[in-house]
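Please find below a short note on the structure, arranged as numbered points. It is intended to be read alongside the sequence and the model.

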Amino acid sequence: MNPALEGGLVHWQSRTTFVLALSSAAVGLGSLWRFSWLLGQYGGGAFMLSYVFWLFVLAVPVLCAEVVLGAWGRGGPMQSIRNVCDRSLLSRHWQWLGLLACVTGVLIAGYQSVVAGWSLYYLDVMRGDELSAASAPLVADHFAALLADAWQQLIWQSLFLLVLVGVLALGVRRGLGVLVWLAVPTMITLLGILVRYALENGDLVAARDYLFSIKLVDFTPDSILAAMGHALLTLGVGLGAGMVYGAYSPKRIPIGRSVMAVAVFDTVIALLAGIAIFPVLFANNLAPAQGPGLLFISLPYVFANAPQGELFGSLFFGLTVVIALGFALALTEPAVRVLQQQLRLRRVTAVAIVGGGVWLLAWLTAGSVARGSRVGEAGLLLSLDFLAANILLPLVCLLTALFMGWRVRACVLRPQLARESDVSFSLWHTFLRYIAPPAIVLVMLSGLVL
């Protein structure tokens with residue numbers, strides 16, 4: 001059967017492929033190394049309730065807006081916005097919002113590829129006996145040695161990017177479509193195995209008290225800000241992925257219900273990751289941690305000293321690589337599509353340009369890490385993360401909410417949400433207009449000031 005084309009754009013043939021693609025974009029490494037730590041630090045169950053609230057009144061409406069943009073415009077982020085502007089008699093200057101989203105995604109892909117390279121390296125390390133029965137200081141020194149070795153980092157991140165570029169070059173159906181059908185079930189399977197391992201070998205009581213007990217003394221205004229910030233960051237909004245995956249989606253899918261399903265899936269995966277990680281941490285008397293320290297020091301130490309640690313350590317870092325690959329595809333596909341449409345390039349050429357740009361950013365970031373020798377001193381990595389997470393990404397989300405909530409006419413938006421009820425459409429439009437903009441500004445200001 002020939003691909004369904006609309007203006008040269010290939011569509012996925014099933015809603016399931018669209019939901020799987022959006023799910024792989026939503027589940028980033030933050031679901032492994034950040035959410036559960038926030039849950040434990042900011043009030044447990046109280047934080048969870050706050051997070052779920054902001055997830056559905058802030059992040060879900062913005063992601064729905066992105067998907068609607070793509071589903072209506074049927075193009076890359078810039079082309080889709082331009083088509084919507086023409087339909088609503090708006091200035092085409094709004095199309096630069098699409099370019100800003102693509103730039104944000106490429107910047108994040110640059111330094112995330114470095115972290116993905118570390119995961120590949122540890123996948124290889126855990127298969128051997130290099131860290132077998134190693135002490136905590138030895139494991140920390142091992143990670144520091146990796147950070148100080150720019151060439152070692154370059155090799156592993158280049159391998160990761162080679163796989164990424166290969167999938168992108170295969171196209172929307174044979175590349176992205178096939179990959180998400182493989183990646184999401186693999187992710188669920190590996191996580192299920194690791195959860196069972198944690199239940200059998202971890203300290204479940206300590207993990208339950210840390211993650212799920214309601215600790216109102218720890219639930220402060222900062223907890224609400226943290227819940228808002230993580231809700232905004234967790235679904236992959238502001239990166240153009242929602243727009244381009246919406247453009248690839250079949251016609252007349254229930255966009256609202258699909259996005260809500262993705263939000264539920266992301267939350268479940270994040271909770272399961274916490275159940276897989278924290279019981280084994282507490283069983284080894286390790287303090288809760290987040291970020292690279294959790295993934296590349298605490299957990300390698302745990303697996304190096306646990307029964308069958310080589311096997312389950314390998315499975316864990318295999319999981320991180322799968323998650324990183326799905327997220328990296330969502331970060332880079334919008335830029336590929338923009339180059340194809342704006343410069344009339346063949347897909348292979350556009351993929352080579354985007355892949356080369358991401359490789360260069362990753363190389364510069366790895367060099368910065370090597371000069372600092374520790375993540376805390378890695379100037380470029382931290383600078384890119386601060387710029388993307390605290391400025392560019394919230395700015396894209398804010399402009400998207402203003403554009404879709406206040407500038408685009410409701411009569412243009414309603415047909416794309418025809419399968420949702422009038423009440424659902426009104427709630428979405430209200431959240432997008434009156435809740436999302438001030439909440440995003442608050443998140444942005446807290447990220448810049450705190």
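1. Are Tyr-210 and Phe-282 buried or exposed? Both Tyr-210 and Phe-282 are buried. It should be kept in mind that the model is predicted.

2. Across the whole structure, a search finds 25 aromatic pairs. One of them joins Tyr-197 and Phe-303, whose ring centres are 6.4 Å apart and whose planes meet at 35°, so this pair is tilted. Tyr-197 belongs to helix α9 (residues 172-201) and Phe-303 to helix α14 (residues 292-304), so the pair ties together parts that are 106 residues apart in sequence. Tyr-197 counts as buried, at 4% relative accessibility, and Phe-303 is likewise buried at 4%.

3. Tyr-210 and Phe-282 form an edge-to-face aromatic pair, with 5.5 Å from centre to centre and 65° between the planes. Tyr-210 lies in helix α10 (residues 204-211) and Phe-282 in helix α13 (residues 255-283), and the pair links these distant parts of the chain, 72 residues apart.

4. Ring pairs also link residues into a cluster, including Trp-118, Trp-156, Tyr-197, Phe-303 and Phe-316.

5. Gln-341, in helix α15 (residues 309-343), has a relative accessible area of 15% and is therefore buried. A polar atom of the Gln-341 side chain lies 2.7 Å from the backbone nitrogen of Gly-76. Among the residues that Gln-341 touches are Leu-9, Gly-75 and Gln-79.

6. On the surface, Phe-386, Leu-387, Ile-391, Leu-448 and Val-449 form a nonpolar patch with about 410 Å² of accessible area together. Two or more residues come from each of α17 (379-407) and α19 (422-449), and α17 gives the most, with three.

How values were computed. Residues numbered from 1 in each chain as written. Predicted model: local features only at pLDDT ≥ 70, side-chain atom pairs only at ≥ 80, totals over all residues. Heavy atoms only, no water. Patch = residues over 30% accessible without salt bridge, like charges linked within 9 Å, V, L, I, M, F, W, Y side chains within 5 Å. Areas by Shrake-Rupley, 256 points an atom, 1.4 Å probe, with all protein chains shown as cover. Salt bridge = Lys/Arg side-chain N within 4 Å of Asp/Glu carboxyl O. Helix = DSSP H or I, 4+ residues; strand = E, 2+ residues; numbered from the N terminus. Buried < 20%, exposed > 50% of the residue type's maximum accessible area, 1.4 Å probe, protein only. Polar contact = N/O pair within 3.5 Å; in protein donor to acceptor, adjacent residues only side chain to side chain. Contact = heavy atoms within 4.5 Å. Phe/Tyr/Trp six-rings, centres within 6.5 Å; stacked < 30°, edge-to-face > 60°. Lists of a residue's contacts leave out its neighbours within four places in sequence.
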